[in-house]
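Student: I am new to this structure and would like a close look at one part of it: the charged side chains and how they pair. Please take me through them in one connected answer.

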Amino acid sequence: MKRSLCALLFCVLSGCASTRERPNVIFILADDLGYGDLGCYGQKVIQTPNLDRLAAEGTRFTDFYAGSTVCAPSRCCLMTGMHTGHARIRGNKTVPLEPQDVTVAEVFKQAGYTTGIVGKWGLGEPGTTGIPNRQGFDEWFGYLNQGLAHNYYPPKLWRNETEITLDGNLDGRRKQYSHDLFTQEALSFVERHKDRPFFLYLAYTIPHANNELGRDTGDGMEVPDYGPYADRDWPGPEKGKAAMIARMDRDIGRLMELLKKLGLDGKTLVLFTSDNGPHHEGGVSRDFFDSNGPLRGGKRDLYEGGIRVPMIACRPGTVPAGRVCEQAWTMWDFLPTMCKLTGQAPPPGLDGMSMLPLIEGTPQPVHPYMYWEFHERGFLQAVRTNHFKAVRKGLDRPLELYDLRYDIGEQNDVSADYPDVVERIEAYLRTARTESSHWPVRPAR
């Protein structure tokens with residue numbers, strides 16, 4: 001029912017326009033990559049030449065926000081255009097997307113695109129309504145469960161609705177590194193679909209830790225080798241993290257080279273970001289490489305370090321090259337932006353808004369406010385409105401307020417200086433969310 005109604009709505013409102021002039025879209029999502037982990041965002045030690053080049057050839061956004069501070073809800077916001085006050089998935093429970101949830105993959109399918117996802121999903125377990133092939137993706141290869149995705153040498157992965165065995169990883173062998181398989185699959189997808197519009201969602205798991213391995217050995221940064229960092233006098237987990245990021249950067253470079261080889265670089269919008277801020281897991285310290293840069297906190301925080309992430313957009317000839325943009329936007333803007341890109345009306349009730357003008361370098365209205373909530377450490381809320389950022393750590397706790405113009409590190413609570421702003425944000429907080437049986441809200445004790 002969902003797909004037929006959406007098809008009718010989209011076709012009536014958009015006229016089912018031809019896709020011949022519509023660009024391909026590749027959305028690359030890193031896992032737990034911090035705001036300060038890339039050279040173009042200030043990283044001084046880990047080298048990321050290909051992502052730095054992507055930023056130089058496109059636009060780098062300084063104020064882009066993940067959907068959440070952990071993986072599953074962030075990915076739900078990305079796919080559905082809803083923030084965590086309305087999204088079906090607001091934490092890392094195994095709650096699946098439902099048939100009535102409209103995903104960005106379905107938006108692309110209605111526009112005539114071939115749709116593919118490679119990597120980590122986290123929005124539906126086997127046999128549920130949430131698996132990628134039941135949410136608009138033609139092709140799917142990777143991990144369904146975000147917990148199983150910790151293992152970079154898994155014995156099995158999913159290809160569409162079939163679980164396939166990785167023979168090289170049976171009986172304790174470690175021959176098939178999942179990240180490498182994902183890169184191969186992404187390159188193959190582009191090669192196979194180069195002659196018609198496609199959407200590829202490449203959800204790498206790097207540099208997430210293998211948490212279980214980390215608890216057993218103290219080093220959960222599972223990588224085949226340390227690459228260019230093998231001779232560094234660093235702890236093993238830190239060498240592993242640097243090697244992971246270098247591997248991802250190298251493989252994104254391979255993907256960009258393929259687009260150029262096929263003559264698709266000017267016909268493909270490439271977006272790169274991370275699902276949340278840097279982790280403190282697997283034996284890694286996020287301070288070792290200054291992974292959160294000037295920001296406070298990291299993964300599982302609603303301070304900036306947990307939710308402000310890199311965002312690079314590139315499409316030669318369309319996205320301005322060498323531009324740095326400071327306007328704030330977020331993952332739940334992706335779906336309506338892709339509706340605009342493909343000439344379709346967005347589904348009703350979204351929290352996001354199209355940011356296509358912003359990506360292409362023209363003036364763009366700002367969000368009145370952006371909202372987050374998180375359910376793993378009590379009940380946390382955050383709001384950004386203009387240059388103000390508010391954080392509340394429990395329903396009966398006071399509101400912290402920070403002025404990001406002068407205090408990007410959120411060190412000075414200015415709530416007493418701006419009672420009018422606090423009152424306005426309190427009003428937002430009263431209306432920004434709906435109740436959910438999966439995510440009950442209880443006052444802090």
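Tutor: E376 has a relative accessible area of 37%, so this residue counts as partly exposed. The model is a predicted one. E376 forms a salt bridge with R300, and the closest N and O atoms of the two are 3.4 Å apart. E376 sits in the loop between strand 12 (370-374) and strand 13 (380-385), while R300 sits in the loop between strand 8 (268-274) and helix 8 (304-307), so the bridge ties together parts that are 76 residues apart in sequence.

As a general point, side chains of opposite charge can pair when their charged atoms come close. The structure holds 33 salt bridges. One of them joins the side chains of K109 and D138, at 2.6 Å from N to O. K109 belongs to helix 4 (residues 104-110) and D138 to the loop between strand 3 and strand 4 (139-143), so this pair ties together parts that are 29 residues apart in sequence. K109 is partly exposed because its relative accessibility is 37%. D138, with a relative accessible area of 33%, is partly exposed.

Another salt bridge is formed by E161 and R134, whose closest N and O atoms are 3.0 Å apart. This pair links distant parts of the chain, 27 residues apart: E161 is in the loop between strand 5 (156-159) and strand 6 (162-165), and R134 is in the loop between strand 3 and strand 4. E161 has a relative accessible area of 45% and is partly exposed. R134 is partly exposed with a relative accessible area of 32%.

Salt bridges also link D63, E304, R308, R384, K389 and E410 in a network.

T114 is found in strand 3 (residues 114-120). T114 is buried because its relative accessibility is 9%, and buried means under 20%.

D407 is a charged residue without a partner of this kind. D407 is buried yet has no salt bridge, and the nearest side chain of opposite charge, R296, is 7.3 Å away. A salt bridge needs the nitrogen and the carboxyl oxygen within 4 Å. D407 lies in the loop between strand 15 (400-403) and helix 11 (419-431). The side chain of D407 does reach the backbone nitrogen of N412, at 2.8 Å. Not counting residues up to four places away in sequence, D407 touches Y402 and N412.

Definitions and conventions: Residues are numbered from 1 along each chain as its sequence is written. This is a predicted model: local features need pLDDT of at least 70, side-chain atom pairs count only at pLDDT 80 or more; totals for chains, interfaces and linings use all residues. Side-chain values use heavy atoms; hydrogens and water are left out. Helices (H or I, at least four residues) and strands (E, at least two) are DSSP runs, numbered from the N terminus. Buried means under 20% relative accessible area, exposed over 50%, partly exposed in between (1.4 Å probe, protein chains only). Lys and Arg count as positive and Asp and Glu as negative; His and the chain ends are not counted. A polar contact is a pair of N or O atoms within 3.5 Å; within protein, one must be able to donate a hydrogen and the other to accept it, and residues adjacent in sequence count only if both atoms are side-chain atoms. Contact means heavy atoms within 4.5 Å.
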